[in-house]
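This report is written for a reader who meets the structure for the first time. Please look over the sequence and the model before reading on.

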Amino acid sequence: LEVKALDGFEPRYRSPLNVMGGEEMPTLPLSVNGALAMARGDEDGTSSSTQFFVYQFDKRSAGLGGLAFEEGEFSVFGYVVRGEEEGFLAQLNTGDTIVKAEVVEGADRLVKSSQ
């Protein structure tokens, strides 16, 4: 798990943010339809290095602040930016294969972590 608080200078590893307690907000929130986040690994519950998911956010099942209950517990690394107008996200199913993914903005800020 790697999550960076909105006002933090460095990412936090292996521990979630305290979003529901109102103390922290992630830089990249999960509570957005089409958020791309790392899945949890089987062994220790931290982020898997090989699996991710597309989050389908439904405001009707959000908490009081309009946030997903899972906010701050997953490493979000991007968002689906095209295709929602055509209903793309609603058509996704577990096990679907991603044929192409592309960084369309922010590639200059990608950093390989030493951890």
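The text below moves from the overall make-up to single elements and residues.

**Basis of the description**

The model is predicted: local features need pLDDT of at least 70, side-chain atom pairs count only at pLDDT 80 or more, and totals for chains, interfaces and linings use all residues. Residues are numbered from 1 along each chain as its sequence is written, and side-chain values use heavy atoms, with hydrogens and water left out.

**Overall make-up**

The protein has zero helices and five strands. Read from the N terminus, the order of elements is β-β-β-β-β. Helices (H or I, at least four residues) and strands (E, at least two) are DSSP runs, numbered from the N terminus.

Of the 115 residues in the protein, 29% are buried. Here, buried means under 20% relative accessible area, exposed means over 50%, and partly exposed lies in between, with a 1.4 Å probe and protein chains only. The protein exposes about 8600 Å², and carbon and sulfur atoms supply 52% of this area. Such areas come from the Shrake-Rupley method with a 1.4 Å probe; for residues, only the protein chains shown count as cover.

Contacts, meaning heavy atoms within 4.5 Å, also describe the chain as a whole. Among those between residues at least 6 apart in sequence, 48% join residues at least 24 apart.

**Strands 3 and 5**

Strand 3 spans residues 35–40, and five of its six residues are buried. Its pairing with strand 5 (residues 76–79) is antiparallel and runs over three bridges; two strands pair if DSSP finds at least two bridges between them. Alanine 35 has tyrosine 79 of strand 5 as its bridge partner.

Glycine 78 belongs to strand 5. With a relative accessible area of 14%, glycine 78 is buried. Not counting residues up to four places away in sequence, glycine 78 touches Leu28, Gly34, Ala35 and Leu36.

Arginine 40 is also part of strand 3. Arginine 40 counts as partly exposed because its relative accessibility is 39%. Between arginine 40 and threonine 50, which are 10 residues apart in sequence, the C-alpha to C-alpha distance is 9.8 Å.

**The loop between strands 4 and 5**

Glutamate 71 lies in the loop between strand 4 (47–55) and strand 5. Is this glutamate 71 buried or exposed? Glutamate 71 is buried, because its relative accessible area is 3%. The side chain of glutamate 71 makes a polar contact of 2.5 Å with the side chain of serine 31. A polar contact is a pair of N or O atoms within 3.5 Å; within protein, one must be able to donate a hydrogen and the other to accept it, and residues adjacent in sequence count only if both atoms are side-chain atoms. Residues up to four places away in sequence aside, glutamate 71 touches Val19, Pro26, Pro29, Leu30 and Ser31.

Aspartate 58 is found in the loop between strand 4 and strand 5 as well. Its C-alpha atom is 8.7 Å from that of valine 32, and the two residues are 26 apart along the chain.

**Charged pairs and a nonpolar patch**

A salt bridge is a side-chain nitrogen of Lys or Arg within 4 Å of a carboxyl oxygen of Asp or Glu. By this rule there are two salt bridges, listed here.

| Side chains | Distance, N to O |
|---|---|
| arginine 60 and aspartate 58 | 2.9 Å |
| lysine 100 and glutamate 102 | 3.7 Å |

Arginine 60 is exposed, with a relative accessible area of 76%, whereas aspartate 58 is partly exposed at 29%. In the other pair, both lysine 100 and glutamate 102 are exposed.

On the surface, Phe52, Phe77 and Ile98 form a nonpolar patch with about 290 Å² of accessible area together. Patches are made of residues with over 30% relative accessible area and no salt bridge: like charges are joined within 9 Å, and nonpolar side chains (Val, Leu, Ile, Met, Phe, Trp, Tyr) within 5 Å. Phenylalanine 52 sits in strand 4, and phenylalanine 52 is partly exposed, with a relative accessible area of 38%.
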